[in-house]
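Look at the structure below and follow the chain with the text.

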Amino acid sequence: MTSEGELLEDTAEDLFESAPCGYLATRPDGTIVRVNRTFEEWTGMSREDLLGRRRFQELLSPGGRIYHETHIAPLLAMQGSAREIAVEIVRADGSRLPALVNAVVRRDADDRPRVVRITVFDATDRRRYEQELLKARRRDREIARQLQQSMLSGALPVAPGLDVDVAYRPAIEELDVGGDWYDAFWLDEGRTAGLVVGDVVGRGIEAAAAMGQLRSAVRALASTGLGPAALLDALDAFTRRHGVGAMTTVVYAELDLDGGELRFACAGHPPPLLVVPGEEPAFAWEGRSPPLDALVEPRPRREAHRRLPPGAAVVLYTDGLVERRSRSLQHGMERLLAQVTASRDAGAAALVAGVLEQLPEGETADDICVLAARLERRRRPR
């Protein structure tokens, strides 16, 4: 008759052999001295192939062997254990088993390491989940980018006497969408164009959504005939009322093709850059006020007027073009002046391209929007 102790012993051995994870025991140098049936089945290797013949680290992928030498082995030597180490075990047929490994050093009475007990968990499902999650994130980002691009797209004003071009460059260091935007549209078909560049604080879907709302609000407010300062006042009220886009910076300008009058207002935004024939390009620092929803008690905003002759151009941009962690804002502004000066006589497209071409790839961690509008020398008569 089988005793209770014998039954328990058989049960413990069966649990070891059929456990849902692989069990190994190795000498301190990694030589395998014991494995369970689960590990045999996972790897397609028999005990005869493993015991006394192979070291555990030899079963790992090339990268895993390097990681074992540089990280796992030192951890075992210094603290006697290593937890949840992700490795790939190479099976007998050459395929790879994604695994998570726990290892513990057992010492003898003289505190000498005698055996390393290793537990191996099949991480195939986890790897598959991580890959699917990564694919999904790449899809949440691509959709977001497409959404942002759709909000930035639209026909630019086209008429004799006006040359407009725009460019948008997403941040290099960030993968999420941002809140920079540009816009150009007719206020009076063929006569007066509205020009906008703005920058919503933050990144990601929330910033892009706020950007879309503000862009639409600017167009709607401009259609009512509000001038630059009054439009920014109304946009400020819109921001407070709907709780969207606080601290956004924006520059709004109206360019009259017949008279060459430029009216503009800046809410905390970098100043327009004016290119006038016979003069050095210069920033227009007038018409400034704080960002949207930045004041507890809002004050009327300011606007400015400039008369532009034929051949003159105005360049609007976001701060990503001039701000860097590695240098002062003044340096960035001076550099932009130099870039625009070098292509001052070019058309709007070449002017924008000249600005961006001078910007080294990977130098900025912020989005960049640039809009250039040039009054051509032959303008449409009244």
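In this predicted model, Phe-264 has Ala-304 of strand β14 as its bridge partner. Four bridges connect β10 with β14 (residues 304–307), and the two strands run antiparallel.

With strand β9 (residues 249–256) it pairs in the antiparallel sense, over six bridges; here Leu-262 is the bridge partner of Leu-255. Four residues lie between β9 and β10, which form a hairpin, and Gly-260 in the turn has a positive phi of about 75°. With strand β13 (residues 288–289), β10 pairs in the parallel sense over two bridges, and Cys-266 stands opposite Arg-288 there.

Now turn to helix α4, which has 18 residues, 62–79. From first C-alpha to last it reaches 25 Å, close to the 26 Å expected. The helix bends by about 50° at His-68. Which residues of α4 are buried? They are Gly-64, His-68, Ile-72 and Leu-76. An α-helix has 3.6 residues a turn, so residues three or four places apart point the same way. The buried residues of α4 pack against β3 (81–90), β4 (96–107) and β5 (113–122). After α4 comes Gly-80, with a positive phi near 80°.

The chain as a whole has nine helices and 16 strands. Of its 382 residues, 47% count as buried.

Key: Residues numbered from 1 in each chain as written. Predicted model: local features only at pLDDT ≥ 70, side-chain atom pairs only at ≥ 80, totals over all residues. Heavy atoms only, no water. Expected span 1.5 Å × (residues − 1). Bend = angle between axes of the 7 residues up to and from the residue. Buried < 20%, exposed > 50% of the residue type's maximum accessible area, 1.4 Å probe, protein only. Contact = heavy atoms within 4.5 Å. Pairing = 2+ DSSP bridges.
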